[in-house]
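Please walk through this protein chain with me, from its loops to its core. Keep the model open as you read.

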Amino acid sequence: MSEELLRLSKRMSELGLCSRREADEWIARGWVRVDGKVVSELGTKIYPSQRVSVERQAAAEQSKRVTVLINKPMGYVSGQAEDGYQPAVVLIKPENRWAEDPSPEQFHPTQLRSLVPAGRLDIDSVGLLVLTQDGRVAKHLIGETTDVDKEYLVRVEYTKPGKLPDSDLKKLNHGLWMDGKALLPAKVRWQNDDQLSFTLREGKKRQIRRMCDMVGLKVIGLKRVRIGKVKLGDLPVGEWRYLRPDEQF
């Protein structure tokens, strides 16, 4: 069977070298080689069997890109400013850096350039939000094939008489549908009388609130405490720290 041509930037993303946006940047700078020859034309197509390599400058630039963890307070949006609400990135400034951040990284205003959220956290939710300049991190956390799970602590109130039936707790774990599709299996368990722990592998808009609503639970508070292997830990609300080199999602 003959091979199909692919855009070079898409192939570079598939190989885990960088994001598509970074690939276009590197191609334009003449930092990408295909079978040993420099390719600097955007939109170039190649066969998957061709060898792709990048110059050392690209790797050096990528290593300078930072990933930041913030404990997002209520009232901030994850991405672009909307409806008069500020984006969480405005909190990334020296005076809000966690005093106990173990990273030796020095803050510089250039780190705010292209610092984008790798995933959403609703305006009325708090907890762990990841902002990154590194396309590989973003792809790992929010790409189509991601299997990184996220854990939330959710304070709830049952809106019907009595207690939530076990059958409805089972539905929260697996069996609910949203937007015409079955939700992936989740891990949902009681932490105490009014708090549930949710561990999800997907992140539809307002998913937990909608799931709770389907079984008669009203969400009073929602906090993300873990993304993959990285925990919120003792990071105070409104403060941030760098992802350490030894940490991986």
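Asp-179 sits in the loop between β10 (177–178) and β11 (181–182). Helices (H or I, at least four residues) and strands (E, at least two) are DSSP runs, numbered from the N terminus. Asp-179 is not a glycine, yet its phi is positive, about 55°. With a relative accessibility of 57%, Asp-179 counts as exposed. The cut-offs are these: buried is under 20% relative accessible area, exposed is over 50%, and partly exposed lies in between (1.4 Å probe, protein chains only). Arg-206 also has a positive phi, near 50°, and is a residue other than glycine. Arg-206 belongs to the loop between β13 and α6. Its relative accessible area is 34%, so Arg-206 is partly exposed.

The model is predicted: local features need pLDDT of at least 70, side-chain atom pairs count only at pLDDT 80 or more, and totals for chains, interfaces and linings use all residues. Residues are numbered from 1 along each chain as its sequence is written, and side-chain values use heavy atoms, with hydrogens and water left out. pLDDT is the predictor's confidence in each residue, from 0 to 100. The chain has a mean pLDDT of 92, and 98% of its residues reach 70 or more. Confidence is lowest in helix α3 (residues 56–63), with a mean of 78, and highest in β16, at 98.

Now the strands. Two strands pair if DSSP finds at least two bridges between them. Strand β9 (residues 150–158) pairs with strand β13 (residues 195–200) in the antiparallel sense, over six bridges. There, Arg-155 has Gln-195 of β13 as its bridge partner. β9 also pairs with strand β14 (residues 217–227), again antiparallel, over nine bridges. In that pairing, Glu-157 is bridged to Lys-218 of β14.

A separate topic is the open sheet of three strands, ordered β3-β2-β5 with antiparallel pairing. β3 (37–38) and β5 (52–54) each have a single partner strand and stand at the edges, so one side of each lacks a neighbour in the sheet. Strand β2 (residues 32–34) is joined to β5 by three bridges. Arg-33 has Ser-53 of β5 as its bridge partner.

Next, the core. In soluble globular proteins, nonpolar side chains tend to be buried together. A nonpolar core is a set of buried Ala, Val, Leu, Ile, Met, Phe, Trp, Tyr and Cys residues joined through side-chain atoms within 4.5 Å. The largest has 33 residues, and Leu-172 and Phe-198 have the most contacts inside it. Elements giving two or more residues to this core include β9, α5 (166–173), β13 and β14. Apart from it lies another core of 14 residues, among them Leu-69 and Val-230.

Finally, the rings. Which residues do ring pairs link into a cluster? They are Phe-107, Trp-240 and Tyr-242. Rings of Phe, Tyr and Trp (its six-membered ring) pair if their centres lie within 6.5 Å; planes under 30 degrees apart count as stacked, over 60 as edge-to-face and the rest as tilted. By this rule the count is two aromatic pairs. Phe-107 and Trp-240 have ring centres 5.9 Å apart and planes at 55°, so this pair is tilted. The two residues are 133 residues apart, with Phe-107 in the loop between β6 (67–72) and β7 (116–117) and Trp-240 in strand β16 (residues 240–242). Trp-240 is buried, at a relative accessible area of 0%. Trp-240 and Tyr-242 form an edge-to-face pair, 5.0 Å centre to centre with 85° between the planes.
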